[in-house]
Number of protein chains: 2
Amino acid sequence: MQEKQHVIHSHVQNTIHHSASPNGLQEALSYAVSAGGKRLRPILMLSTFEAFSDDIKKALTPAVALELIHTYSLIHDDLPAMDNDDMRRGKPTIHKKFDESTAILVGDGLLTLAFQLITESSELGAEEKIYIIHQLSKASGINGMIAGQFLDLRAEGEPLSEEKLNYIHQKKTGELIRAAIKIGSYLGGATPPQIEALNDYGHYLGLVFQIQDDILDIQGDETELGKPIGSDVDQNKTTYPSLLGMDQAIHLRNHYMALAEEKYEKAGINQDILKDFINLFGKRTY
Amino acid sequence: MQEKQHVIHSHVQNTIHHSASPNGLQEALSYAVSAGGKRLRPILMLSTFEAFSDDIKKALTPAVALELIHTYSLIHDDLPAMDNDDMRRGKPTIHKKFDESTAILVGDGLLTLAFQLITESSELGAEEKIYIIHQLSKASGINGMIAGQFLDLRAEGEPLSEEKLNYIHQKKTGELIRAAIKIGSYLGGATPPQIEALNDYGHYLGLVFQIQDDILDIQGDETELGKPIGSDVDQNKTTYPSLLGMDQAIHLRNHYMALAEEKYEKAGINQDILKDFINLFGKRTY
C-alpha cells in the first residue's frame, strides 16, 4: 500500500514538474499536488489492475489522471462559495495560500490535464484511452461527482432521507471510486462478470468510505485528519450519524463492509489488498 | 454562416437537454448555453472541415464540445474572483442569475461534458477521438487558455510589451481558435502542409480577433455587444490601443488581416467562408 502510494505520489509530482506552465501557476499546481493525501483512488485502481495483470506501467497514467481529477474536485469544493474550507491535509487550501482566482484556475487546469495525459500515454491503445476518458468524464461529470456536489450544497440545512443521502454520496464520491475499479479491472483484462462484481464491491466501498467520513467528522482527531472536525454539524448537514444515530451509523457501515467483501469474493480473484481496502475505508482514523 | 450558427446552437441545446443532470443544475446548464453567442469557434471548425469533406456529421460533436469549452471558460472568467463581470451576451452572468457555487460547477460540468461527448460519438473513430481530445485539452489547458487567463489576471495594472501582450492573447484565445482549425482540417482530410498553413491562418485570425476586442472595448456599442464597454480601462489593463494608440492598433489589426489572408491562400483551398472570417473578426461590431 505504502509502496503504491509512493509510486503515485512521485508520478503525480513528475507530471506537474514537466508541465512547464507559467511561473506562479506552476508554483500553485505544485503546491496542489504536494500536500500528499492518501492517494486511495489511484491505489485502488492499481490494486484492481494487478489482480489481473503484472504490466503496471499501463495503469500508471490513468492512476495519475484519476488523482488529478480528485485533487481538482477538492480544490473547487474548498472554495469560499462552496464548502469554504481553509485547511486541507494539514495545510492551507489553495485559495488561502494563493488566492481564489488561482484556486479556480488550478482546479480547471488539473481537470483538463487529466484528459490530456491519457491522450499522450505511449502505454495505452486508442480504444483503451477512450474507455478511460469516458469512464473518468462520466464519473466526474454533471451526472456524477458534480451532480453530487451540487445536491450536497443544496441540501445544507434540509433534512434528508437515508435514500437521498445514499444517492448524493454515490454521486459525490462513489462514482469516481467505481470508475477507479472499472478502469483497473478493464485494463488488466477482467471478464465482464468480474468487472460487474468489482463494480458492486466499489459501490459498497464508496458507502463505507462516506459513512466513516461522517463518523470522523464527529469522532476524529483534527491533527490526524489534517482538517477541523465538526464542519458537518456547523453547516447543518444531514450525515449518517445525524440521521441514524452513531450506533446505527456504525452498524450500517459494518453491514456495507460485509457486502463489499461478499462482492469481492464473487469476483473470484486473489488480491488481498482489495480486502484490506474494506478495512482501511471502514476503520480509518485519518 | 447563419445556418451553421443555427445548427451549432440547436446541437448544443440538445446536448444539454439530453444530459439529464439534477434539477437546478440542469436549469443552470440550459441557461448557460441558451444565451446564444456568436458560436464563432465551432463555425470556424465546421467551415474548415467543409473545405475538405462533405460529411458534416463527423464534425458536429467536436464543434459542440469546442463550444462547451468556450462557454465554460467565459463562465469561470466572469466570476467575482476573476474578471467580475455581471453581464454577458446581454444577460446576467451565471453567478448573478444563480450563485457562485452554481457558476463554478456549471463551468466544471461543461468542460467535463465536452470530453465525455467526444468519447460517445458514433461518427468518429478511436484515433480521431484521441486527436480531438488531445488538441482541445492542450489548447484549453495549463499551457494554453488557462495559462493565458492566469497571465492576463496577473498583468492587470502592469505595463506590458507588445510581445508579452501577443503571448498572453495567443494563450488565452489564440490556442483554442487554432485547435478549432486544426481539428476541422484534420478530420476533413487535409494534408500536413495544408494543416500547417491553416494553423498559421488561425494564428493571425486570433490576433485580429483580440485587437478588435480591445478596440470594441473603447469604441463599441454596449447594446450591440451585450456587455459594458470600458472594462479594460477600469481594470487598468494593457490593450493594443492603450499600448500603441488607436491608429496603430487599427493598423496592426489590418496587417494581421492581410497575413491571415496570405496563409489562407497558401493552403490552396477554395472555401470563401474562411476569407469572410477574416473580415468578420476584424470588422465586427459585436
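In this predicted model, Phe209(A), Phe277(A) and Phe281(A) together make up one aromatic cluster. When the whole structure is searched, 13 aromatic pairs are found over all chains.

One of these pairs may be followed in detail. A pair of aromatic rings is described by the distance of the centres and the angle of the planes. For Tyr131(B) and Tyr186(B), the ring centres are 3.7 Å apart and the planes stand at 15°, so this pair is stacked; the reasoning rests on the rule that planes under 30 degrees apart count as stacked. The pair also joins distant parts of the chain. Tyr131(B) belongs to helix H7 (residues 126–140) of chain B, while Tyr186(B) belongs to helix H9 (residues 162–188) of chain B, and the two are 55 residues apart. Tyr186(B) has a relative accessible area of 29% and is partly exposed.

Aromatic rings also meet charged side chains here. In chain A, Arg154(A) is placed over the face of Phe150(A), 4.2 Å from the ring centre. In chain B, Arg41(B) is placed over the face of Phe209(B), at 5.4 Å from the ring centre.

The discussion now turns to the two chains as a whole. Two copies of a chain are related by a rotation about an axis and a shift along it. The same surface serves both copies, as 100% of the contact residues of chain B recur in chain A.

Notes
Residues are numbered from 1 along each chain as its sequence is written. Chains are lettered from A and ligands numbered from 1 in the order in which they are written. This is a predicted model: local features need pLDDT of at least 70, side-chain atom pairs count only at pLDDT 80 or more; totals for chains, interfaces and linings use all residues. Side-chain values use heavy atoms; hydrogens and water are left out. Rings of Phe, Tyr and Trp (its six-membered ring) pair if their centres lie within 6.5 Å; planes under 30 degrees apart count as stacked, over 60 as edge-to-face and the rest as tilted. Helices (H or I, at least four residues) and strands (E, at least two) are DSSP runs, numbered from the N terminus. Buried means under 20% relative accessible area, exposed over 50%, partly exposed in between (1.4 Å probe, protein chains only). A charge sits over a ring if NZ of Lys or CZ of Arg is within 6 Å of the ring centre and within 35 degrees of the ring normal. Contact means heavy atoms within 4.5 Å.
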